[in-house]
Amino acid sequence: MRLPRRPTAAKALLAAATAAAFGAQAVAALLPHVPLLLAATAASLAAEGALYRWQRGMLALFAKSHADLTVRHVLRDLLLVVGLLRLGEQHREPVYAPLVAGLLAFYGLHCAIQAVSVLVRRTRTLPVVTRNVDASALRLSTAPPGPLRRPGHRLLLFGLPATAGLLVTAAGDAPLYGAAGLAVSLLLALTGLGVLLLRLLPGRRPAGEQEVLEWFDAWLAAYRPTVGLYFSGGASSAYQANMWLEPLAKLDARPVIVLRERFMVQRIAATDIPIVCLPKVSTLMRLEHSTLQVLIHPSNSGKTSQVLRIPTIKHAFVNHGESDKLSSCNPYAKAYDEVWVAGPAARERYALADVGVEDKDVVEIGRPQLDAVVPYAGPPTGPYTTVLYAPTWEGWDGNPGNTSVIEAGENLVRALLADPGVRLLYKPHPLTGSVDPRAGAADRRIRELIRAANRRRPGSRPAAGAGLARLTAELDRLTTAVFRPGADQVERMLVQSAPEPGRAEAVARATAAWEEAYWASLPEGEHQVVTDVRPSLFSCFDQADLLVSDVSSVISDFLASGKPYAVANTSGLPEDAFRRAFPTVAAATVLTPDAAGVPRLLETVRHPERDELAGARAELKLRLLGPADPPSQDRFDAAVQALRAAAREHRARVAERLAAELPAQRRATGRDRVPAQKPGTAP
């Protein structure tokens, strides 16, 4: 079936086809008219298949209209039975009665399978989801077959023999075919029911809730975590946590990652750090009695307030990047014990914002993720100047100055592509277009401009493709867990058990080798649109001679390289006011939306003697990121150790206070007094 390209037209066509097929089937059953009944039933099944293949979103619409798959399937078979009864003489009705009874039995089994499937799913929904943890003691097992867990697929698959048999019966007045089809459907349903019932046996189902919680307490006691990363967010926000995985792994501590959403377990990038997902608040509170001393928070979320209630843990907000935007000085930050920032500029930013964060609670740690960024080594030496255009997204507040994509993106890209000596790397923010459709449309037009420029630029691809494919396969093997298509959370826990020793080091080596091979595999001068996880933003930094961006954390991070950068001014402010409003722009070349300053900017990159902002960049780097010595990772570790010590001191004070209060409480309740003697008893 060839569907229209427009989604709305496809939906309308499928809805009309489904309704027409059922209408024609009803007319054919009542007339009765065998050819029309056969054609309408076949068309109904074809429309059902098209729904599941191309328009799954419509299934929810049908369900809201009380016309879900079960209703549609029952109606389809019911109309077949009506047609059979109308076709036969009155004395033939007893012949078809067993078929009706068999059909009713099949639907009864379908309901029973669904009920048991719900019970099985509940036994496999554990209160704790783990990764990189040996949880084999919880009797983990593979998931039941997909059709047994999805009622729509199950009804279509198991009911198809019965529907086919009834169709043949209607065509040839041969009840035997209908009985055979029903027998096959009943056998499939009985087998499925038996498979699910076996999974409810005590030795076959995973551990119960209380057993899992006791296991979790025992694991905490055995692993003895001391510092953790706490994260809660949407599917597209995982990058905020992923940027802190490597610094967390390098700490002189026993790290753990604490998540709140089950789907996020698979969104966290490759790491050897144990991951625990605790969806319920009651389960989260069990951390209070663990050895965990510090939690770092890369973002704010509604569920953050829940973990802040644990008094035995100290909390530090580390953010997922710093910029001059108001979101970098969120008033929520005052809820944490400390706020860890990169350099003096962020400390000043909190003081000016006056959001309740005290200066004594601000700790400068630098940006440990940037320690490996390659520093500036001079102007471009080859035939091309590599420019990284990495705009941010449009944000939630509708401020036109958030992103340059809408008002300036195409002009900037055209100006850069007009220079034959430029190689452009375009890396849009992953949330571009998620709020403002204009940003998404502009992003698509920019990509088309880049594709068109590549078609005009000659170049042959180096013969490194085979090596890159091998390295990609190796990196995927190390960083990607392979699951069966129908794997559920319990099966993934089984597959993603404790990692092999040395995997983290192997991943680091494989990543470095892959990035080197990737850049070498590209034709010289070919423009690139970078949207995948690999290569990383920092790898793009190392390739770039110049950054063009917006007011965002990308600027602060790029300053670690010391290379020139430019910022697009789409705020509507004059340049002087723009620089005053956003200190990170102090060492940047400010570009207007018409991109008129791009040619002169490229000249300063190629001729450093014309670069008047080199000294300003060095000064701004110190203000934004702090000193290069000691390295940021060392300062990060020192901050963690200091906060751990504060947590231990707090616990000691609480223990002393409780120890002092306990005797007083006993005296107040009379527990330390000798019980009064009963009258007439001996002393």
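Which residue in strand 8 does W340 stand opposite? The legends below begin with that question and then turn to other parts of the structure.

View 1. W340 stands opposite V363 in strand 8. This is a predicted model, in which local features need pLDDT of at least 70 and side-chain atom pairs count only at pLDDT 80 or more, while totals for chains, interfaces and linings use all residues. Residues are numbered from 1 along each chain as its sequence is written, and side-chain values use heavy atoms, with hydrogens and water left out. Strand 7 (residues 338-341) and strand 8 (residues 362-364) run parallel and are joined by three bridges, where strands are DSSP runs of E with at least two residues and helices are DSSP runs of H or I with at least four, numbered from the N terminus. Two strands pair if DSSP finds at least two bridges between them, and strand 6 (residues 314-317) pairs with strand 7 in the parallel sense over two bridges. E338 in strand 7 is the bridge partner of A316.

**View 2. The two faces of strand 7.** E338 and W340 point one way from the strand, whereas V339 and V341 point the other way, and all are buried (under 20% relative accessible area, with a 1.4 Å probe and protein chains only). Leaving aside neighbours within four places in sequence, W340 is in contact with residues including I296, F317, V363 and L643, contact meaning heavy atoms within 4.5 Å.

**View 3. The largest nonpolar core.** This core has 57 residues, and those with the most contacts inside it are L287 and W340; such a core is a set of buried Ala, Val, Leu, Ile, Met, Phe, Trp, Tyr and Cys residues joined through side-chain atoms within 4.5 Å. Its largest share, seven residues, comes from helix 9 (residues 209-223). Apart from it lies another core, of 41 residues, among them L388 and V554.

**View 4. Helix 7 against helix 8.** The axes of helix 7 (residues 151-172) and helix 8 (residues 175-198) come within 7 Å and cross at roughly 175°, the axes being lines fitted to C-alpha atoms over the stretch in contact, with angles from 0 to 180 degrees between N-to-C directions. Helix 7 is therefore roughly antiparallel to helix 8 (an angle over 145 degrees).

View 5. The strands follow the order 11-10-9-12-13-14, with parallel pairing. Strand 11 (528-529) and strand 14 (589-591) stand at the edges, each with a single partner strand, so one side of each has no neighbour in the sheet.

Technical notes:
Parallel < 35°, antiparallel > 145°, perpendicular 65-115°, else oblique. Buried < 20%, exposed > 50% of the residue type's maximum accessible area, 1.4 Å probe, protein only.
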